[in-house]
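Subject: A structure for you to look at

Hello! Here is the structure I promised to pass on.

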Amino acid sequence: SVSLSADGVTYTEPIEMDTKLDHRVGKEIKYIEVPVTGEDIKYVKVDVHNIMQNPDWHPNPGGKSWVFVDEIMIN
């Protein structure tokens with residue numbers, strides 16, 4: 001989810017994003033657009049949740065799942 005703030009204290013309600021990846025393991029770039037109103041946004045809060053166990057299609061099904069975020073681009 002993504003929340004926005006002008007002051008770093010009061011954030012908008014989280015905008016839930018459907019960011020499921022396809023069934024391949026490896027590098028993947030995922031671009032997600034977040035609608036922003038005309039407010040003066042200075043702070044962005046991103047919450048990423050792990051599914052905790054690898055899905056059945058994964059080479060290690062049922063194993064510990066990891067989430068890696070390398071970059072967040074804000075334009």
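A quick definition to begin with: a residue is called buried when its relative accessible area is under 20%, and exposed when that value is over 50%. Please also keep in mind that this is a predicted model.

Let's start with Ser 65, which sits in the segment after strand E2 (43-46). Its relative accessible area is 9%, so Ser 65 counts as buried. Leaving aside residues up to four places away in sequence, Ser 65 is in contact with Asn 50, Ile 51, Met 52, Gln 53 and Asn 54.

One of those contacts, Met 52, deserves a look of its own. Most residues other than glycine have a negative phi. Met 52 is not a glycine, yet its phi is positive, at about 75 degrees. Like Ser 65, Met 52 belongs to the segment after E2. Is Met 52 buried or exposed? With a relative accessible area of 58%, Met 52 is exposed.

Next, the surface. Val 44, Val 46, Val 48, Val 67, Val 69, Ile 72 and Ile 74 make a nonpolar patch of about 600 Å². Among them, Ile 72 lies in the segment after E2, and its relative accessibility of 54% is why Ile 72 counts as exposed.

Finally, the aromatic rings. How many aromatic pairs are there? The count comes to zero. Tyr 11 does have a charge over its ring, though: Lys 45 lies over the face of Tyr 11, at 4.3 Å from the ring centre.

Enjoy exploring!

Definitions and conventions
Residues are numbered from 1 along each chain as its sequence is written. This is a predicted model: local features need pLDDT of at least 70, side-chain atom pairs count only at pLDDT 80 or more; totals for chains, interfaces and linings use all residues. Side-chain values use heavy atoms; hydrogens and water are left out. Rings of Phe, Tyr and Trp (its six-membered ring) pair if their centres lie within 6.5 Å; planes under 30 degrees apart count as stacked, over 60 as edge-to-face and the rest as tilted. A charge sits over a ring if NZ of Lys or CZ of Arg is within 6 Å of the ring centre and within 35 degrees of the ring normal. Helices (H or I, at least four residues) and strands (E, at least two) are DSSP runs, numbered from the N terminus. Buried means under 20% relative accessible area, exposed over 50%, partly exposed in between (1.4 Å probe, protein chains only). Contact means heavy atoms within 4.5 Å. Patches are made of residues with over 30% relative accessible area and no salt bridge: like charges are joined within 9 Å, nonpolar side chains (Val, Leu, Ile, Met, Phe, Trp, Tyr) within 5 Å. Accessible areas come from the Shrake-Rupley method with a 1.4 Å probe; for residues, only the protein chains shown count as cover. A salt bridge is a side-chain nitrogen of Lys or Arg within 4 Å of a carboxyl oxygen of Asp or Glu.
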